[in-house]
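Hi,

Here is the structure for you to look at. Please open it first, then read my notes below.

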Amino acid sequence: MRHYIAKRVGYSVLSLLLLSLTIFLFIRLTGDPASLLTEPGASAADVAAIQHKFGLDRPVWVQYGLFMFNLLRGDLGDSFYYQTPVLELYQSRLPHSLLLGVVAMGFSLVLGIPTGILAAIRVGRFWDSAGKLFALLGLSLPSFLVGLLLILFFSVYLEWLPSSGSGTFWHLLMPAFALGWYFAAAHMRLTRSSMLEVLGSEYVKLARLKGLPEALVIGKHAFKNALIPVLTLAGINLIQMINVAVVVETVFAWPGIGRLLYEGVTFRDFPVVQGVVILGGSMIVVVNLLIDIVYALVDPRIRLEQ
Amino acid sequence: MSVTTIPAALPMRTRTARMTDVPIIPSAILAIAVVVAIFADFLAPHDPQVGLLTARFKPPFWMTGGSTNHLFGTDQLGRDVLSRLIFGTRVSLVVGFTAVIFAGAVGTTLGIVSGYLGGWVDQVIMRVTDAWLALPALTFAIFLAAVVGPSEMNIVIILGLVYWTRYARIVRGEVLSLKEREFVRLAIVAGCSKWTIMWRHIMPNVINSSIVLATLMLGIVIITEASLSFLGVGVPPPKPAWGVMLSDGKQGLMVGYWWLTVMPGTCIMLLVLAANLLGDWLRVKLDPQLRQL
């Protein structure tokens, strides 16, 4: 067990190192990193300060060392636009992103799980085909398009919901639905296949042989077990959601991390762009590591396999 | 003579039988899109980049105020929406296909090399793949676009760099089992070099999976390109990309100029839907093992 965890932690650290190296190298590939890291129209003194801080006149490995040294201190640089440290900006936006992510996840589960179950117990028939169509639409309609169509319908024609901003419960509905929509398709597919697997298992057969009513077999025996992989995926997707929300947050002017990234791109605020990518990637690596460890703690088969 | 005609006829029959269940609607959509993209110059009624400022925000022809001169209306600069959609098809398809092929070439090559050579090469390639997979694709693409600046060529390279990892993972897995097979061992005994084995014996056997994945990726890549263009880091604005059109149309949305959003939106949806349906069909056709997925 200790060996397994050590190995997983090792891989994660390696992933983080490679991630930082990738980002570091891409910035250098463009030729002049100083022009990315300083404000457009910065004074010669500012450029010199940045060159000193990142050692841009020194060998590449020294530069990488300095880059990592600053990263590990939590120094991601200052935003040109907001004139505050990137880390602080990120922390101030994170709660909004989490709120949006959690509600969007709620939507996707409420949509995905029942349709998945329905498709599985009616496999090959109408509800199954309807479910497939729904999953296909989910994968084919980009979330920002769903967002724009929602605005058109609910804000412009019906005038029910505010088209952008944040603050009230009503502001949250459309962006959360647009973001949850895409993931609903994935959750529906997984619920369906997981449910089909469980329905074919011995204990479901036994439950049926005992003469339990079908509703009880599905609701009590099959449903709970089929849910495990779906909830695991949902946990992983929650982190993904916070990171892919950039287009939805832009459409609805939702003040989350995605919007921060968009602002970073539009205002040519490179430290913000770099910071969001580094923190987002690290978050995913760490969460994946935690999930692996929890899995190994819960399921002995996984740690014995290693 | 009859002896030679019978076996010659058999594969023909199976081939025609197989072709009958090609999903017609998605294939037709894709075929139309390809034709429109190729002949955009002849099909478009107006110049997609030049508009008449006196003819701004004209609605589609069936609405009051619309005219058959601009079938799908005009945008905020008075440019013809239909013409922009037609030229946008070209942008989406060119970027989509080249990016998918680029990603596929890189990913398949690295997957084969990683799986066949094993050892430290495999370790290095797979660790890099893992690290890149950890980055959310869209965020990573935005970062790269911010570093290299927007252009059609850069978008292709960015999408290739972001999506090669998926090919590498799948191809490597297949190579691991292929390299234990008899024909590969015989090739080794026959004295083939490693590169010959990878190129001549392994590659033809994994190309099917790569093609299936490429078809499924086409939809994802088209959506990502549209998202990047929508955010202003994709295809640069005067060019009529669907994502750019959606971004422009956002301003008019609140005043009810719905066609600027719905028209490019429908195009994206149809093209992605067609690619996904074809990809699903191909997956089942070429790889019966995946039918359960």
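The bend at a residue is the angle between two fitted axes, one for the seven residues ending there and one for the seven starting there. Helices are DSSP runs (H or I, at least four residues), numbered from the N terminus.

This is a predicted model, where local features need pLDDT of at least 70, side-chain atom pairs count only at pLDDT 80 or more, and totals for chains, interfaces and linings use all residues. Residues are numbered from 1 along each chain as its sequence is written, and chains are lettered from A and ligands numbered from 1 in the order in which they are written.

Helix 10 of chain A (residues 214-244) has a kink of about 45°. The kink is centred on A:Phe223. Buried residues of this helix include A:Ala222 and A:Ala226 (buried: 20 or more other C-beta atoms, placed from the backbone, within 10 Å of a residue's own).

Chain A has two domains, with bounds from an automatic or database assignment. Domain 1 is 1-81 + 272-306, and domain 2 is 91-266. Their C-alpha centres lie 31 Å apart. The contact takes nine residues from domain 1 and ten from domain 2 (contact: C-beta atoms, placed from the backbone, within 7 Å).

Now the two chains. Their contact takes 37 residues from chain B and 40 residues from chain A. On the chain B side, helix 6 of chain B gives the largest share, nine residues. That side divides into 26 nonpolar, eight polar and three charged residues. Nonpolar means Ala, Val, Leu, Ile, Met, Phe, Trp, Tyr, Cys and Pro; charged means Asp, Glu, Lys and Arg; the others, Gly among them, are polar.

Best wishes

Methods. Two residues are in contact if their C-beta atoms, placed from the backbone, lie within 7 Å. Helices (H or I, at least four residues) and strands (E, at least two) are DSSP runs, numbered from the N terminus. A residue is buried if 20 or more other C-beta atoms lie within 10 Å of its own, exposed if 12 or fewer, and partly exposed in between; C-beta atoms are placed from the backbone.
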